[in-house]
Amino acid sequence: MNTTSQSLYTPAILSQALQAFGLSDPRPLEGVTAWVYACQSVQGPAVLKVSHALETPPDQLEGELDIIHFLARQGVAVAAPLASLQGNLLETIPAADGSRFLAAASRMAPGEVLPDEDDINLPPAALDRLLLDWGRLAGQIDRLCKDYRQARPALARMHWDDEDLLWDVDAYLPRGQACIRRKVG
């Protein structure tokens with residue numbers, strides 16, 4: 001998080017976000033570009049994410065929520081977004097300087113967080129099952145997303161191969177990677 005958004009974030013911002021989604025009992029979770037909390041909702045455990053519009057453009061966040069909401073409606077095991085008490089997936093909270101914080105909530109996904117790949121210590125059969133399940137889920141999401149249409153054109157996400165990082169070989173790929181450079185070029 002940048003220092004500007006950190007200086008603007010107050011307990012009042014959190015309180016407004018909790019009220020907007022009807023959440024209670026916030027417990028901080030780790031977040032990199034947002035404040036993230038485990039909470040309680042009338043529908044069960046939930047997660048609240050509060051970010052500054054400088055960190056995450058509103059259309060980008062709304063686009064992410066829209067596609068996750070689509071996947072949840074198709075029966076995919078995702079952390080489904082929760083609507084606010086006003087019926088919105090994204091709520092805006094004004095900051096003291098006139099900028100905005102963005103709040104979104106979702107159901108808490110069941111299960112547990114796995115450690116980093118170097119620390120995973122599962123029996124081979126359990127690891128094989130986990131990787132198979134991940135692959136099945138990725139395939140299901142890929143298949144369903146072919147039919148996904150964003151709610152508004154402004155919410156459209158860039159296509160995976162439109163990313164500049166993939167194609168700006170000189171800026172991001174070490175000179176020693178001659179074989180890869182030839183294949184990309």
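**Salt bridges, a hairpin and a surface patch**

The side chains of R129 and D133 meet in a salt bridge, with N and O 3.7 Å apart. A salt bridge here is a side-chain nitrogen of Lys or Arg within 4 Å of a carboxyl oxygen of Asp or Glu. The model is predicted: local features need pLDDT of at least 70, side-chain atom pairs count only at pLDDT 80 or more, and totals for chains, interfaces and linings use all residues. Residues are numbered from 1 along each chain as its sequence is written, and side-chain values use heavy atoms, with hydrogens and water left out.

Start with the helix. R129 and D133 both lie in helix α4, four residues apart, which is about one turn of the helix. Helices are DSSP runs of H or I with at least four residues, strands are runs of E with at least two, and both are numbered from the N terminus. D133 also forms a salt bridge with R136. Here the closest N and O atoms are 3.1 Å apart. D133 and R136 are three residues apart in α4, so about one helical turn separates them.

How open are these residues? R129 has 47% relative accessibility and counts as partly exposed. D133, at 30%, is partly exposed. R136, at 48%, is partly exposed too. The cut-offs are simple: buried means under 20% relative accessible area, exposed means over 50%, and partly exposed lies in between (1.4 Å probe, protein chains only).

The structure holds three salt bridges. One of them joins K146 to D142, with the closest N and O atoms 3.6 Å apart. Salt bridges that share partners join R129, D133 and R136 into one network. K146 is exposed, at 57% relative accessibility. D142 is partly exposed, at 45%.

Now turn to the strands. Strand β1 (residues 24-29) and strand β2 (residues 35-41) run antiparallel, joined by four bridges. Two strands pair if DSSP finds at least two bridges between them. A hairpin of five residues leads from β1 to β2. Look at L29: its bridge partner in β2 is V36.

S41 is found in strand β2. Is S41 buried or exposed? At 15% relative accessibility, S41 counts as buried. The side chain of S41 has polar contacts with backbone atoms. One of its polar atoms lies 3.1 Å from the backbone nitrogen of Q43. The side chain of S41 also reaches the backbone oxygen of G44, at 2.9 Å. A polar contact is a pair of N or O atoms within 3.5 Å; within protein, one must be able to donate a hydrogen and the other to accept it, and residues adjacent in sequence count only if both atoms are side-chain atoms. Leaving aside neighbours within four places in sequence, S41 is in contact (heavy atoms within 4.5 Å) with G22, L23, A46 and L82.

Finish on the surface. L114, L122, L131 and W134 form a nonpolar patch there. Together they have about 350 Å² of accessible area. Such areas come from the Shrake-Rupley method with a 1.4 Å probe, and for residues only the protein chains shown count as cover. Patches are made of residues with over 30% relative accessible area and no salt bridge; like charges are joined within 9 Å, and nonpolar side chains (Val, Leu, Ile, Met, Phe, Trp, Tyr) within 5 Å. L114 sits in the loop between β6 (100-107) and α4 (124-145). L114 is partly exposed, with a relative accessible area of 30%.
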